[in-house]
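Reader: I'm new to reading protein structures. Could you walk me through salt bridges?

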Amino acid sequence: MVTEFDVIVIGAGHNGLTAAAYLSKAGKRVLVLERRSVIGGAAVTESFHPGFRNSLASYTVSLLHPKVIEDLALKSHGLEILERPFGNFLPLPGGDYLATGATIEATKVRFARHSERDAARLEAYYAWLEDAANVLRGELLRRPPEVGGGLSQWWQTGLLANRLRKHSNTAHEALFELFTKSAAEILSHWFENPHIRALFGFDAIVGNFASPFDAGSGYVLLHHVFGEVNGKSGAWGHAVGGMGAISESIAAAARQAGAQIRCDSPVARVRTLEGRVDGVETDDGQCFRAPIVAANCTPKHLLLDLVPGSEIEPVHKDRIRKTRYGSGTFRMNVALSGLPEFLAHPEGNDYLSSGIIIAPTLDYMDRAYRDARADGWSREPVVEMLIPSTLDDTLAPPGQHVASLFCQHVAPQLSDGRSWADHRDTVADLMINTVERYAPGFADNVIARRILTPDDLETELGLTGGDIFHGALSLSQLYSARPAIGMARYSMPLPGLYLCGAGAHPGGGVTGIPGHNAAHAILADT
């Protein structure tokens, strides 16, 4: 028996659900097929120890686009986002610390402890970065022009040039610097204190298997400042109930609009008929027909595994094979018997609701990357720890807590025939002990832990190479080249096939933007 729909979405990650919600609201008959038993992809909340639950992979919110929140009425579907009351906290060797505050003035006071010059330059740096971010914000919800796409795409390029012309020369200069320079070079121009440089430089290596001294890391830094929380630009927050609450609210909007969502339904292949999409077939042999298929999986999995090889021209397959994957990420959740206490910290416990970053200098981050390249993981890794239960008491039993550990750098694949399965606990111990050096007693507080190596991220969540962004955010894989030349407008090189996941423009993070844009591209094309 073959069931017919207008659109089939492969994967119920938050972007796939977003595409399904928009398409259903437009009157399309939509089916979402998810291979796992739960929806959400990497934005899912799971119980990992009795009484303890937390976001599985993605772990903090800022980039979720306000238009998606408003259009899909996510707050009416239960979404609540709490802003962190404290900024970021950087424990330092020797028992000192660096921290940002809830306001620029509070941050300037804290920075002045380390450098009055840097404190005085802070507002100018924020304004410079915001100028560049504003240029790109205007392009987030648009289809990029296709390179070599003919007269219509030249027209789109002309419209882009006209939009860019309206921004100041200062904004253009900032954008060029961020696209071409390393984060280290940029931050060394703005700030003299090595710890202040590190506090900002951490954003340049999040999900980026690279050194902050590598060209292009400036853009990754910029990518992480696009967002907002509850209207406050640049803020970061926590979704009550974990990141799965975002996916659940989007799914509720999609279902309300008429979408069907089926779990435990892995797609085996995309069906074709006379050179165009004709639906999908699942692992158990079920066939679902539709003239449009939108895929929330990685571009490599879609075009090299799911689409019959004869349907894609060799040049396109070649381009996809050459795309770079592997974010160098090792992800952990830990159940804690109590809150950690760092050797030095601001008064009170508000700092424990911040992003706690263990990476005191850019040189430290550089060594971590080079260690991982040489040996598989860093001797002194970069760790960002969040303790969301300080804001959301639904995640742990009273008096106990959960912590998210986002760790860089580890090699996406180990060399010399080694397997991540053989080293996962060794590296997990290293991450715990790295926090322990700055917060003695932390290791004794750990009740249980949930580990995701790069291999786990691929096998459990479908992230090729363990890449949290569905492909590196390098200059060769951005905008009109994301995921590759000739595939930038969400439509893939097979009529009726679209990409709606983070492998499409503008890239990774829990944004909802690729899902939004792909849905609108489908509606425009059909």
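This is a predicted model: local features need pLDDT of at least 70, side-chain atom pairs count only at pLDDT 80 or more; totals for chains, interfaces and linings use all residues.

Reader: Which residue does Arg-289 form a salt bridge with?

Author: Here's the general idea: side chains of opposite charge can pair when their charged atoms come close. In this model, Arg-289 pairs with Glu-4, and their closest N and O atoms are 3.8 Å apart. Arg-289 sits in strand 15 (residues 287-289) and Glu-4 in strand 1 (residues 2-4), so this bridge ties together parts that are 285 residues apart in sequence. Glu-4 is partly exposed too, at 47% relative accessibility.

Reader: Where do Arg-143 and Asp-525 lie?

Author: Those two side chains meet in a salt bridge as well, at 3.1 Å from N to O. Arg-143 is in the loop between helix 4 (116-137) and helix 5 (151-165), while Asp-525 belongs to helix 17 (residues 513-525), so the pair links parts 382 residues apart in sequence. Asp-525 counts as partly exposed, at 40%.

Reader: And Glu-281, is that one buried or exposed?

Author: Buried, because its relative accessibility is 19% and the cut-off for buried is under 20%. Its side chain meets that of Arg-269 in a salt bridge, 3.0 Å from N to O. Arg-269 lies in strand 13 (residues 267-273) and Glu-281 in strand 14 (residues 276-282), so this pair connects parts 12 residues apart in sequence. Arg-269 is partly exposed, at 35%.

Reader: Which residues do shared partners join into one network?

Author: Glu-4, Arg-271, Asp-278 and Arg-289. The model's salt bridge count comes to 22.

How values were computed. Residues are numbered from 1 along each chain as its sequence is written. Side-chain values use heavy atoms; hydrogens and water are left out. A salt bridge is a side-chain nitrogen of Lys or Arg within 4 Å of a carboxyl oxygen of Asp or Glu. Helices (H or I, at least four residues) and strands (E, at least two) are DSSP runs, numbered from the N terminus. Buried means under 20% relative accessible area, exposed over 50%, partly exposed in between (1.4 Å probe, protein chains only).
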